[in-house]
Amino acid sequence: LQLHARTLQGLELPGVLALCEPLHPEVLFQQQVLYREPEALGPALPQVEAWYRAHGVPVWRVSVTPGHTAAKRALEAAGYRPGSPVMAMGRELDAALSPSLPPGLTLEWPEDMDEVLTLNERCYAPGSMDFLASWRRPPLDPRMRAVLVCEGGRALSAGFTFEHEDAAGVYMIATHPEARRRELGVRVMEALHADTLARGRRLVVLQASVDGLPLYQGLGYRALGEWINWVRRP
């Protein structure tokens, strides 16, 4: 999906995919290397580095999942260093309650990602998500389901799921800074859970920031292990 963005560049090597956003070279999370098998990473790293340097990107990351010691060894040997961990979490949906919204709040299921991206930009990375401009146009990919919690027609909290086989990943949960501490993120998660279960998926997974851990733990998620972002700096 990200490769559909006009400004995002991609490099495909055997077992490895690198993504690069040259218009925002300083934003680390947009410069990401993914791999299918840990053993494929080492041979690809010299070409990956040359490619990022050619695009003027000084810093990029490789997300390493638990137990991938071959990837860790290859990255250490190539000069990468471990950065902040991100906790992978998941839960089974044996039951999903419909969200109980306070008076004045409504749920909306938009046909595009515009409000979801706008809220995330405001909360996390102002002006740095234009590489996802193609996501703003409807219709949504049929594997994606977005939800908004609104008040007076204004979106206050949002998120979306992306379905794959029998599971759904949860992404981009954000709440407007002026609407914090009203448990609106909980309402978004409950709505996504109920929708996911109704669509025949029983497993939801996500990657939690430190700030998001209490929310997800309170919703029954359990830790699946830490993902480490290994970073290559000049």
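**Aromatic pairs and a surface patch**

Guide: In this predicted model, W60 and Y80 are both buried, a word that means under 20% relative accessible area, with exposed being over 50% and partly exposed in between (1.4 Å probe, protein chains only). The model being predicted, local features need pLDDT of at least 70 and side-chain atom pairs count only at pLDDT 80 or more, while totals for chains, interfaces and linings use all residues. Residues are numbered from 1 along each chain as its sequence is written, and side-chain values use heavy atoms, leaving out hydrogens and water.

Visitor: Why is the pair of W60 and Y80 called edge-to-face?

Guide: Rings of Phe, Tyr and Trp (its six-membered ring) pair if their centres lie within 6.5 Å, and planes under 30 degrees apart count as stacked, over 60 as edge-to-face and the rest as tilted. The centres of W60 and Y80 are 6.4 Å apart and their planes stand at 75 degrees, so the pair is edge-to-face.

Visitor: Which parts does this pair tie together?

Guide: W60 lies in strand β4 (residues 60-64) and Y80 in the loop between α2 (69-77) and β5 (81-92), so the pair ties together parts 20 residues apart in sequence. W60 and Y80 also belong to one aromatic cluster with W51 and Y52.

Visitor: What makes Y216 count as buried?

Guide: Y216 has 9% relative accessibility, and therefore counts as buried; Y221 is buried as well, with a relative accessible area of 5%.

How values were computed. Helices (H or I, at least four residues) and strands (E, at least two) are DSSP runs, numbered from the N terminus.
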